[in-house]
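Welcome to a short tour of this protein model. Have a look at the chain below, and then we will walk through its inner spaces together.

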Amino acid sequence: IVVLVVMRNKVIFILLSMYVCAFALSPRERALATLSQMNLSEKIHMVHGESFQPYFDYAGHITGNTRLEIPRLNLQDGPQGVGDLVFNVTCFPTAVTVVASWDRTLMYEFAQAMAREQRIKGVNIHLAPMVNIARIPTSGRNFESFGEDPYLSSQMVVPSVNGIQSQGVLATVKHWVNNNQEYERTKVSANVDERTQWEIYYPAFQAAVEAGVACVMCSYNRINGTHACENSQTINDDLKGRMGFQGMVMSDWYATHSTAASAIGGLDMEMPDMIYFGPVLEAEILLKKVPESRLDDMVTRILTSMYAGGLFDNPQNGTIMADATSDAHILLARKLAASGTVLLKNTNNILPLSTQQTQYKIAVIGDDANDSPIFTGHGSGHVTNAYLITPLHGITVRSGSNTSVEYANSQSIPEATKLAEQADVAIVFVGVQSQEGEDRPNLSLPGNADELIDSIATVQPNTIVVVHTSGAVVMSWRDKVAAILCAFYPGQEDGHA
């Protein structure tokens, strides 16, 4: 080797210079260098997905370019962990639960753990965080959100982005923008003036941009009459212009509605397929309907995000079938669920319960406690749980030797009321399920929940109500019960929390 160095010192020097130079360049400069070697077809290949398998696989993907050593992109939901019915992952509490802790450090740990599992599963673009303002309290996706407060959302999105991207996975802040309801979400126009945008809807996105988020996902709805994914005002002028976002803008799944209008309007990547940004875009570039310079900008933004996130230098080697969960993540899931539980009422400090009394009897009541627990939201953000600790199980395990725990579901109010009357304390579990694709019909608890609580509170002064919900609910019985806990959606460690 020494002889080689002596004889080939000039060659060695040149190779070392090239190596050092590559890593001295900025991500954008490296992206431009790669772009300069790409032909038109290779550029087109970078700006669209290839297929959509909604379950048990990646939500979207773009195969790599072996000639230029551009790695494959695997995109995956979601804001609560690895979604799309993928197994062997941790079902963490939903994002709004973690936000309710008001703890930036916990948010970072949550985001880091989610991204770690995504990476083990082969994902390099994580479709989170979701920071749409919960302006409509019945919105079906509020459980994925960071709540209704622009300041709180802005404070919590920074550790979320940093936690995700610490694992070599690109974060995707979504949905840009004004995506506040599920009802007719692909048709509705959110008509918003400039001041309201910057004071209410933009702050969390701007905070994410300032934190260095790699990707922004545009939404299904229209904004002031124009589809969000071809809205030049919100994407080009506000996001890329005034906020200075240098990363890529991808569409929500099937939220692209045009070719030229979307490309010129600022969209950089169509997901999950190539209806508009595949051969049609290539044809429109050849016909000069879309400038090739715009395509170059789209590819540059994608490559810049990939270089900045380490996707070239630390390539992905995980697989979708890998076991991504761990004991540490299970403990974290429990900690997050407990920290996000909010005490709304506590008359005479009835909580925490003392189980040191002789022959203490607890009545656990409600389908939500055991038969049909509500612990996570549904839709693309749903995470498949390997197991579930029900509230009944958690309370039973935690109870002391002098404590007896008995259960009644919600089906017979007279039976549940009788059990509550005979106990020292009654813990009633109620909840409302929320999901992507539809909004809740109202703010009421479903079924006979209100009647059940009223009946039990009449005979048991030590009635505690635990509510599992994605957001606001009407509590007509709040003055009749001793304590109220809002546990949001606590994930698989529900009962332990």
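## The second largest cavity

The second largest cavity holds about 40 Å³ of space. On a 1 Å grid over the protein atoms alone, a cavity is a set of points where a 1.4 Å probe fits but cannot get out, and lining residues have an atom within 4 Å of a point. Grid points are joined across faces, edges and corners, and a volume is the space filled by probe spheres set on the points. Its lining is formed by Pro79, Ala95, Met107, Phe110, Ala111, Met114, Ala128, Pro129, Phe146, Ser160 and Ile164. Two elements, helix 6 (104-120) and helix 7 (150-165), each give two or more of these residues, and helix 6 gives the most, with four.

What classes of residue make up this lining? Ten are nonpolar, one is polar and none is charged. Here Ala, Val, Leu, Ile, Met, Phe, Trp, Tyr, Cys and Pro count as nonpolar, Asp, Glu, Lys and Arg as charged, and the others, Gly among them, as polar.

## About the model

This is a predicted model, in which local features need pLDDT of at least 70 and side-chain atom pairs count only at pLDDT 80 or more, while totals for chains, interfaces and linings use all residues. Residues are numbered from 1 along each chain as its sequence is written, and side-chain values use heavy atoms, with hydrogens and water left out.

The chain has a mean pLDDT (the predictor's confidence in each residue, from 0 to 100) of 94, and 95% of its residues reach 70 or more. Over residues 1-20, however, the pLDDT is below 50, and this stretch has one contact in the model beyond near neighbours in sequence. Contact means heavy atoms within 4.5 Å.

## Where helix 6 meets helix 7

Helices (H or I, at least four residues) and strands (E, at least two) are DSSP runs, numbered from the N terminus. The axes of helix 6 and helix 7 come within 7 Å and cross at roughly 35 degrees. These axes are lines fitted to C-alpha atoms, for helices over the stretch in contact, with angles running from 0 to 180 degrees between N-to-C directions.

On the helix 6 side, the contact includes Met107 and Ala111, both of which also line the second largest cavity. From helix 7, Ser160 and Ile164 are among the contact residues. By class, the contact has seven nonpolar, five polar and one charged residue.

The cavities of 30 Å³ or more number two. The largest has a volume of about 60 Å³, and its lining includes Met130, Arg141, His175 and Glu182. Two of its lining residues are nonpolar, seven polar and two charged.

The largest pocket (an open set of points with protein on both sides within 12 Å along at least five of seven lines) contains about 840 Å³ of space. Of its 26 lining residues, Ile395, Arg398, Leu485, Gly495 and Ala497 lie nearest the centre. Helix 15 (391-398) is one of the elements giving two or more residues to this lining, and its share of five is the largest.

Pro272 sits in the loop between helix 11 (260-265) and helix 12 (279-286), while Pro352 is in the loop between strand 10 (342-346) and strand 11 (360-365).
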